[in-house]
Every structure is written in C-alpha cells, then in structure tokens.
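Student: I am new to this structure and would like a close look at a single part of it. Could you take me through the strands that pair with one another, and then through what is found around them?

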Amino acid sequence: MAVCARLCGVGQSRGCRRRQQRKGPAEAAGAAVESEPDTDPEEERIEGAPAMPKPPGACGAAGHGGAGDPGAGLAAGGAGGSVPACPQPPAAPARCSLLELPPELLVEIFASLPGTDLPSLAQVCTKFRRILNTDTIWRRRCREEYGVCENLRKLEITGVSCRDVYAKLLHRYRHILGLWQPDIGPYGGLLNVVVDGLFIIGWMYLPPHDPHVDDPMRFKPLFRIHLMERKSATVECMYGHKGPHNGHIQIVKKDEFSTKCNQTDHHRMSGGRQEEFRTWLREEWGRTLEDIFHEHMQELILMKFIYTSQYDNCLTYRRIYLPPRRPDDLIRPGLFKGTYGSHGLEIVMLSFHGKCAKGTKITGDPNIPAGQQTVEIDLMHRIQLPDVENLRNFNELSRIILEVREQVRQEQQQQEGQEEGQGHARPSAREGPPGPAYQKPEPPLPTPSRAAEEEGGTEKGVEASGGVPPAAPDPAPSEAGQPFVLPAGVISRNEDYPRTCRMCFYGTGLIAGHGFTSPERTPGIFILFDEDRFGFIWLELKSFSLYSRIKATFQNAEPPSPEAFDEMLKNIQSLTT
C-alpha cells in the first residue's frame, strides 16, 4: 500500500512534487543541486523532466488512474467488490529541459549565440559552465563575429585556447576595430584596424605617389596585437625598420584610443636624421630630394617630415565613419584620392546632404588642415558646359561660373528676406529649412594673389551654397557623356584626366594661406566624369584637381545612424578650426 501510494504520487512524495511545481525552474534546479551535492552535472535535472518508468503491475498502469489521481489508491486497496474508477484527467503536455539535451546538441546551440551572452549562460549551472569550455563554441564565435578563418587548432601547441583568443584578444580590443584619423596636426591620416589572422593590425593607408591618382593605395603597419601566452595579449609597435618592439595601447574613451611606443630607439637609423629623411622621402614621395626642383615643394616636404617624425608613433586616434548611402545620391559616396598641387595627393571623403555634396579632408596640409571641407557642390545649380572650342577659352568658362554665383547670391538674399519676415511674425518658429544650411552671400571675387603661392595647388574647403528654392529636376546623367577639355591656362598635376564627363555643377572651394590664415571660399565647377572619378576647377587659382575613388574594402566603418555621421564631421572639423 505504501509503495503504491508513493509510486502514484500520494502522500509525502506527492506533496514534494506539488511544492516543486509551485517553484520556478531555477529554484527547482537549485533545490536539486542542494539535495544532491555529489550528483554529477550530467545527471542534474529540473522540474518538467520525464518521470521514472513504473514497474509492471504498479498503480497507474493501463486501466488505473495515473499519478495524482485521487481514486487510484482506493481502486488498488479496496476489499471485496470493485470500485468504479474516477475519470482520468487529460495528461499535461510533457515539458523538456535544456539540461536533458545531450552535450553535443548543447554545444551546437551555445555556438550559435553571441559571444557576449555566453558568460551569463555559464552562471546557470555547472553543466553549462563545463560545456562552455568546449573550443568548438569559441572557434565558431571567432569565425562568425571577427572573420578569423585561420586553423585555430594550431593554437593547442602553444597552450592557447580559442576561448583565450576570443576573450583576451578579439573581444577585449573590439572597440578599436574600424577607421580612425590620427591627430598629427594639420596632416591627419587614415588608419584601418582589422583582424588579420590571429593578429589585430593597425594599417596606415597612404595615397599613391604624386601625381598617379588612379594607382592603388599604399599601406604600412603601425602596430599589432597578438596572444603570445594565455595571460594577456601583447602590443607591439611596428614603426621603424628594426622589426616589432614593445608598445602600448590605451582606450581613452568611446571612439578614441592612443598608442605609445616603449622603445623609440628602434625608430632611429645608424645614419642619423639625414638617412631617416631620405628613407622617409622615398617611401612617402617615391623620389629623392634632388628630383624635386620646385623650391617651395621642397620646403613643404621637409616641414612635413620634421613635424610628423616627432610623434614617434605616440598618437591619439579618433573614429571616423564612411558616409551613409541614399538612393538619390549622385554617385556612391566614399573615400577618394585627390591632387593638391605642391602638397601632393590627399584623401577626401565625399558625402551627400540633400541639396549639396561635401568633400571633407581626411589628410591635410599646412594651408587647409585635415577635417576641413575642401569642396562643396551645389546640386541645385547644374552648369551646362559650352562646346569644346569655347571650353578651351578660360574667360568663357569664368563668365558662366560667375553668372551662376550671382544667381545663387540673389536667391540666398531673397530666402533670407523671407526668413526675416517670418521671424518677425512668428519669432518662436524661426527654424532653418531642411537640407544644407543657409549662408550669407559670398564676398566679391578676390584677386588671384595666391595662385603662384601653391603652384596651382593652394588648399580648399567649403561652406554650404545651397538653400535655394527647389528647381526643376535635372535629367539623368548620360552614360555617353559630353566632351571635356581643360581651358587654356588651367594647371593640372595630372594630364591623364578623362576627356568626357556626365554633368557639371556649381561649387565652392576653400583656399587659405600657410597656417590656415585668411581662409576664404571661392567659386568653381564640379565635373562628374564617372562613378569613380570627379574633378574640380578652382576659378581663382586656375587650378584643376582630379579625384579617384579608393576601392579598398573597409569593415566596421558604417555609422550607427546618419546623425552619428554628421556629428563625426562636426567633431573632426572643430579639431582643426
């Protein structure tokens, strides 16, 4: 009788089961662990696991009430006649626990979860914690989250596990992956931090040698991080010509980190500063100082070497994003290489902002530093070029551009007058219109006093010139294009420019004296050649800049939102203003 009662769930065992049902799964699991401390983790069970099979003939078999049936005990123990069995309640659906799954299946489930969730999962129970030590889980996380395709099994020789690689290398330094701009005064730069095999490497991207704007980018490593032993990752400085040496990385704050070399003597060369300068010149410009005949250009090169070499790879980096793409953009935004006269090739970011497009310097020079807007294109004012014969005449092109500038000025004045009228009527509703910011009229066209100063390459940056009433939509760009030739007297560092263009727009450029003195905006014309190339003619300087797209693929460079990208542009510009 007592045995049957226990098997059927009557008495003390039934009461315990009901108490377990009133507990949550975590409490029930905890109670099981406390009652059986010596139980193997593989044998741990939680509420809802299938019951133990019942012996033949026990109460609850076919024809009797199941466990918990109030009439089951009476039917089994009645003396004499038969007692009608109570109707059996519908069986509750069987519930399954993760703890009952085989370890192989749990490994597959855990390996599909984000690596940041696995530490919390390890705190659930000892079984989960033991399974999470399986390298298969962390090998998959390294591959799917960070693209590590190397054979991580080789790490077993060094005693380093895939979990160590994930936790002490990839996850720890995940915040520095992506694109960055170093704080090197006016020169800036472009650093791309990537996972490369079992290393994290910071690659400095350099434009091709002047004036070959269509050549691919060059790059060199500045630092690398790898796991030499299980304790912690090792940071090495790669600057100089004596191989890797001890370095340090500090994450200063969100979207900012710094590097420091602890052995700067590895940057020195036996021949002293003169040998270091000649080596740097060959790497930076692809030539010797004797090959550069322009005296002003020699001064600019020597100035850059002195300024940049003093940092010894001890730099602060700030995150930059690639511009977001919109369906109505003229071309795909992104990074471009551009010719800037005596300053050589520089990196510019082209982005679209409604009625205008902006070119922001990622690398700069003493005239217009990195972070400033070098050109801005007014997409509401398209310019129709004359035929080729008239286009060769610079005065004809200048007349067309100045007429458009005067039209833009009048439209801006008219718009400002309307805004002031609305402001007097409704002071609290004085808000700027959508699209590019409205600007005051530009000053009269200055004289070309600085054209000789920069060999046709004095710098640029732009102020918004949009904000005009919407015009009729322009026709789609023609794939065939129209003939294009530079006007006589316009200086170009690269004569190998396209001879057809799709369309042209009015734009403005920023020029300044040395040290970013007396900056002013001057009119020009933006020429779209194709999806990967565009140009800009600086009217005052009689200079032409050719831009070619950087076709490298960058990971971890997408902005979290358009607002985050706009904020980034403001931040890098404010650092050099």
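**Paired strands and their surroundings**

Tutor: Strand S5 (residues 234-237) and strand S6 (residues 245-253) pair in the antiparallel sense over 2 bridges, where pairing requires that DSSP finds at least two bridges between two strands. Strands here are DSSP runs (E, at least two residues), and helices likewise (H or I, at least four), numbered from the N terminus. This is a predicted model, in which local features need pLDDT of at least 70 and side-chain atom pairs count only at pLDDT 80 or more, while totals for chains, interfaces and linings use all residues. Residues are numbered from 1 along each chain as its sequence is written, and side-chain values use heavy atoms, with hydrogens and water left out.

S6 and S7 form a hairpin with 2 residues between them, and in the turn Asp255 has a positive phi of about 65°.

Asp255 also takes part in a salt bridge with Arg319, at 3.0 Å from N to O; a salt bridge is a side-chain nitrogen of Lys or Arg within 4 Å of a carboxyl oxygen of Asp or Glu. This pair links distant parts of the chain, since Arg319 lies in strand S8 and Asp255 in the loop between S6 and S7, 64 residues apart. Arg319 counts as buried at 13% relative accessibility, whereas Asp255, at 28%, counts as partly exposed; buried means under 20% relative accessible area, exposed over 50%, and partly exposed in between (1.4 Å probe, protein chains only).

Beyond strand S7 (256-261), the loop between it and helix H11 (272-285) holds His267, which is buried, with a relative accessible area of 6%. The side chain of His267 makes a polar contact of 3.2 Å with the side chain of His245, and another, of 3.1 Å, joins it to the side chain of Asp312. A polar contact is a pair of N or O atoms within 3.5 Å; within protein, one must be able to donate a hydrogen and the other to accept it, and residues adjacent in sequence count only if both atoms are side-chain atoms. Leaving aside neighbours within four places in sequence, His267 is in contact (heavy atoms within 4.5 Å) with residues including Cys237, Tyr239, Cys261 and Glu276.
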